Amino acid sequence: MLTKVYGSAVFGVEATSITVEVNIDTGIGYHLVGLPDSAIKESSYRIAAALKNNGYKLPGKKITINMAPADLRKEGSAYDLTLALGILVSSSQIQGDHISEYLIMGELSLDGGLQPIRGALPIAIKAREDGFKGFILPKQNAREAAIVDNLCVYGVENIKEVISFFDGKGELEQTIVDTREEFYAAIDNPEYDFADVKGQESIKRCMEIAAAGGHNIILVGPPGSGKTMLSKRLPSILPPMSLQEALETTKIHSVVGRIKENVGLMAQRPFRSPHHTISNVALVGGGSYPQPGEISLSHNGVLFLDELPEFKREVLEVMRQPLEDREVTISRAKFTVTYPSSFMLVASMNPSPGGYFNDPNAPVTSSPAEMQRYLSKISGPLLDRIDIHIEVTPVPFDKLSEERRGESSVDIRKRVIVARDIQTNRFKTLEKIHYNAQMGVKQIREFCELDNASKELLKMAMERLNLSARAYDRILKVSRTIADLEGVENIEGNHISEAIQYRSLDRDGWLG
């Protein structure tokens, strides 16, 4: 008897429906075809044990299973439940009159319990597109899939529940999530708050400007000056994600199985902080069967690279194209996948190998030559993509011992949102530009016009401070953001002078 059951495969951040055809005939053997990987080939052992422990059996006949389309590689253990139900229906052990109306996925334990799967959200979106009545999957993934409307999502804990459902002996409980209500309830509860930071008012101001214009930023300072603490709080002042952004971000995290159990839509912007020993594949994505890397997991959020010069040079260089294009394409002989990677880069570093420079009271000092060699590990093209460079100094004791709390992230975020709204209105006719950091040369010339006094000020600063040519456009972008924060239409001299301060590494004597 031939039975068709439906599952799904995930490529990139999109899903493709898979038809599992199970045919049971006279003879002996278990034949699984359709380019399955090792995890799927091993499923027969898990299925046999799960069925036996629940009062059913793997029929002692010739079982042929085809996973169509047969030229598309399938991977992972999430097809166990799909295959098991196909075998039960094909061998007439259970009824399957309506099984083709449902998309079924789940990894089986030997006792019949279900383990969570990856990619539940893109699979649910595809199930709705293909007109399936419902989606049956492990209970741990149910809330993640239930954010897709107009699709019945059933979370189950054991294969016995699914068997009873198709046999007409029981009902499955539908998982219902009010996506908008949950999203807006969680959107204003950041984990970290700028109110916890003592002192560092100038750095907070810098962070506010970076958040308002979407600018990449690098913090340079000795150990213990608060670089990591400040960076972790940056997502709390970024504008809240829209529903569309939250859906994009959740899809990427779903593909790699990073969604927490019983969590639906991700409401907070991601903050990723990979260790400096990371490989280039782990950072940008790829592998034999491509998976998203850290830059894609940071999509719509922040990627924090602590101790930037300690990262391998080739790892940092592969970020150059994604930083510019805001997406990364992984190409293989038979297919190509594209992952979104629109993120804010926040980097931190010590000014020298010992951590201190030009400080007579420091426990470890470094010569100017050592510092120059250390800083030269960061290439010019990468530094060119970082708009703001700021020096972070240690917080004095009188500031640390203050009882007064600093300005909260909620208050800072309000100003950032107003500035972003100004930019959204400014770039409303441009498809790929939404905030100041994304401006190209054409937009800079159009929206960053200077009066004569401001031009003279910028010219004088570039000559006296030996600022590099690449600093020119960055200063204009940042000054445009500063003007937006003040609600001023035209860039003024004070905006230019503040932006000039944020190009430390371009000055003569830093990177040369």
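What share of the contacts in the protein chain with a separation of 6 or more comes from residues 24 or more positions apart? I looked this up before anything else. Such residues account for 73% of those contacts.

**Entry 1. The whole chain**

I am working with a predicted model. I checked the confidence next. The protein chain averages a pLDDT of 88, and 95% of the residues score at least 70. I then looked at the elements. Helix H17, residues 397-400, has the lowest mean pLDDT among them, at 70. Strand S5, residues 102-104, has the highest, at 97.

I found 22 helices and 18 strands in the protein chain. The C-alpha trace spans about 90 × 50 × 45 Å along its principal axes. Of the 512 residues, 53% count as buried.

**Entry 2. H8 against H18**

I turned to a helix pair. Helix H8 covers residues 201-213, and helix H18 covers residues 409-426. The two pack at an angle of about 35°. Their axes are 8 Å apart. I noted the crossing of H8 and H18 as right-handed.

Which residues meet here? From H8 I listed Glu 208, Ala 211, Ala 212 and Gly 213. From H18 I listed Ile 412, Arg 415, Val 416, Ala 419, Arg 420 and Gln 423. By class, this contact of H8 with H18 has five nonpolar, two polar and three charged residues.

I checked the length of helix H21, residues 471-486. At 1.5 Å a residue, its 16 residues should span 22 Å. The end C-alpha atoms are 23 Å apart, so the two values agree. H21 is mostly covered, with 13 of its 16 residues buried. Gly 487 follows H21, and its phi is positive, near 75°.

Helix H22 runs over residues 493-501. Its buried residues include His 495, Ile 496, Glu 498, Ala 499 and Ile 500. What covers the buried residues of H22? I found H8, helix H20 (452-464) and H21 among the cover.

I went through the backbone angles. The peptide bond from Ala 68 to Pro 69 is cis, with omega near 0°. Pro 69 sits in the loop between strand S4 (62-68) and helix H3 (80-90).

Leu 35 has a positive phi, near 60°, and is not a glycine. I placed Leu 35 in the loop between strand S3 (29-33) and helix H1 (38-41). Is Leu 35 buried or partly exposed? Its relative accessible area is 38%, so Leu 35 is partly exposed.

Arg 326 also has a positive phi near 60° in a residue other than glycine. Arg 326 lies in the loop between helix H14 (320-325) and strand S15 (327-331). At 18% relative accessibility, Arg 326 counts as buried, because the cut-off for buried is under 20%.

**Entry 3. Ser 342**

Arg 326 came up again when I looked at Ser 342. Ser 342 lies in the loop between strand S16 (336-340) and strand S17 (344-349). What does Ser 342 touch, not counting residues up to four places away in sequence? I wrote down Ser 298, His 299, Asn 300, Gly 301, Arg 326 and Tyr 435.

**Entry 4. Gln 443**

I located Gln 443 in helix H19, residues 441-447. Its relative accessible area is 14%, and therefore Gln 443 is buried. Leaving aside neighbours within four places in sequence, Gln 443 is in contact with Leu 430, Ile 433 and Cys 448.

**Entry 5. Gly 170**

My last stop was Gly 170, in the loop between helix H6 (159-166) and helix H7 (179-186).

I then took a distance. Gly 170 and Lys 160 are ten residues apart along the chain. Their C-alpha atoms are separated by 10.0 Å. I also listed the contacts of Gly 170, leaving aside neighbours within four places in sequence. They are Ser 164 and Phe 165.

Note on methods: Residues numbered from 1 in each chain as written. Predicted model: local features only at pLDDT ≥ 70, side-chain atom pairs only at ≥ 80, totals over all residues. Heavy atoms only, no water. Axes fitted to C-alpha atoms, helices over the stretch in contact; angles between N-to-C directions. Helix = DSSP H or I, 4+ residues; strand = E, 2+ residues; numbered from the N terminus. Left-handed = near helix turned anticlockwise from the far one by under 90°. Contact = heavy atoms within 4.5 Å. Nonpolar A, V, L, I, M, F, W, Y, C, P; charged D, E, K, R; others polar. Expected span 1.5 Å × (residues − 1). Buried < 20%, exposed > 50% of the residue type's maximum accessible area, 1.4 Å probe, protein only. pLDDT = per-residue confidence, 0-100.
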